[in-house]
Amino acid sequence: MAHATVFLYIIFATPWLLLRFLFDVSLYTLPRQRPDREWSFNQAVRVRAVRLVLLYWSLLRSGDRLRLTPGREGKRFTTVRPQSLKLYQGPLYDIVIRPEKLGVTWTPSPPSPAELASQSTTLALHFHGGGFVIGDGRDHDTGYLARTLVQHMGCTHVCTPQYRLSSHSGGQFPAPLQDAVTAYLHLLREMRISPRQVILSGDSAGGNLVLGLLRYIKDHGQELNIPPPGAVALWSPWVDVGAALHQDMKLSPNYPTDYLNPEFGRWGAETIAASGIIDPSGPYLSPLRHPFNLDTNIPMFVNAGEREVLCDDIEEFSKRFISHGWPLHLLVSKGCPHDILLLGPKMGFVREAEEAAADANAFLRSAAMLHLPTPH
């Protein structure tokens, strides 16, 4: 849709969209009229507000602008240079899209030399969600998420990279996955932290990126000396990007109880595959259709919202990856929409998000023997 047409549509549709929003809110005063009867009035209104905001964001197709200045994060924000080009092989090699410097935010702070050398340090390398088109891993975006991983999953440090977004020129595949490799190898080769002390974590599109990185390690890790991590944590992962281009999200029984919309999914799927060198239904973007395993037993924690449109895909993904030998634990959070770890405070699902992180702690401590403390 041309920009002029989009603006005209928004101008003429806004009165109707706002009236519909107010009408729905008025209905939510009655529990039986809420998308989920178990939701409070506050939760129903908040999810509906997020849905409206995301719709406008999707129609405008305006992605976040990334910057490499510290900003409010100050000394917790650092920049990471790409590794040797020899480490970006196969699907990551592109004559135009090259690895670039990226920024990362640390929570609560960058690890000290003593902490890096300590066996008790457990670091989560977390890739943010946002359909590959929005988000930047900074405090306003993933601050709550990072604090929750520290306080309730028991990580000592969380690193959130601001990988390139496909909503801007040069951000299509393989740019985000190049950035994921850059961030991961920075931890292992520059900071010299043991891969056994790293949890690869990601929510929504970030979960897809984690799975792409694991696939790359499977395909090229041995020849490039890229070891696998100690554990994996996925939060409402987007496991079938290709489906956004040919399946109608509105047919899902969970569509009324989620805030995702078809336009947002198409925006992400179309732009991430815009280079034409990657199949959106192929192994690197749709792992649901292409399950795989690694030669070592890496525990994988997966969280889904019972009322999100991706729930069925995530459950099927979990079954297929278990059948391929992954020690995988799936937690379906009752009554929850998409990606509560990222948007829990905005939607009123803080308790559920923190319970999911605590469940991840219990599973990963037992399965990976990581040095994760029991959350308070």
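Predicted model: local features only at pLDDT ≥ 70, side-chain atom pairs only at ≥ 80, totals over all residues.

Let me begin with the largest pocket, which has a volume of about 930 Å³. It is lined by 42 residues, and those closest to its centre are Leu54, Tyr259, Leu260, Phe264 and His338. Several helices give two or more residues to this lining, namely H2 (41–60), H4 (139–151), H7 (243–246), H8 (262–272), H9 (311–323) and H10 (340–347). Which of them gives the largest share of the lining of the largest pocket? That is H2, with five residues. If we sort the lining of the largest pocket by class, we find 20 nonpolar, 12 polar and 10 charged residues.

The second largest pocket has a volume of about 680 Å³. Of the 29 residues that line it, Arg20, Arg48, Arg51, Leu55 and Tyr255 are the closest to its centre. Two or more residues of this lining come from each of helix H1 (3–27), H2 and H8, and H1 gives the most, with eight residues. By class, the lining of the second largest pocket has 18 nonpolar, three polar and eight charged residues.

The largest cavity holds about 50 Å³ of space, and its lining is made of Phe132, Phe173, Pro176, Leu177, Asn208, Leu209, Gly212, Ile272, Tyr284 and Leu285. Helix H5 (175–190) and H6 each supply at least two of the lining residues, with H6 giving the most, three residues. In this lining, eight residues are nonpolar and two are polar, while no charged residue takes part.

The second largest cavity holds about 40 Å³, and among the residues that line it are Leu85, Tyr88, Asp94, Arg98 and Gln178. Its lining divides into six nonpolar residues, one polar and two charged.

In soluble globular proteins, nonpolar side chains tend to be buried together. In this model the largest nonpolar core has 114 residues, and those with the most contacts inside it are Leu125, Leu214, Trp235, Met300 and Phe317. Helix H6, residues 205–224, contributes the largest share of this core, with nine residues.

Finally, let me come back to H2, the helix that gives the largest share of the lining of the largest pocket. At 1.5 Å a residue, its 20 residues should span 28 Å, and the end C-alpha atoms of H2 are 29 Å apart, so the two values agree. The buried residues of H2 include Arg48 and Arg51 as well as Val45, Val47, Val50, Leu52 and Leu54. Of these, Leu54 is one of the residues closest to the centre of the largest pocket, whereas Arg48 and Arg51 are among those closest to the centre of the second largest pocket. H2 is followed by Arg61, a residue whose phi is positive, near 50 degrees.

Terms used
Residues numbered from 1 in each chain as written. Heavy atoms only, no water. 1 Å grid on protein atoms, 1.4 Å probe; cavity = no way out; pocket = protein on both sides within 12 Å on 5 of 7 lines; lining within 4 Å. Points joined across faces, edges and corners; volume = space filled by probe spheres on them. Helix = DSSP H or I, 4+ residues; strand = E, 2+ residues; numbered from the N terminus. Nonpolar A, V, L, I, M, F, W, Y, C, P; charged D, E, K, R; others polar. Core = buried A, V, L, I, M, F, W, Y, C linked by side-chain atoms within 4.5 Å. Buried < 20%, exposed > 50% of the residue type's maximum accessible area, 1.4 Å probe, protein only. Expected span 1.5 Å × (residues − 1).
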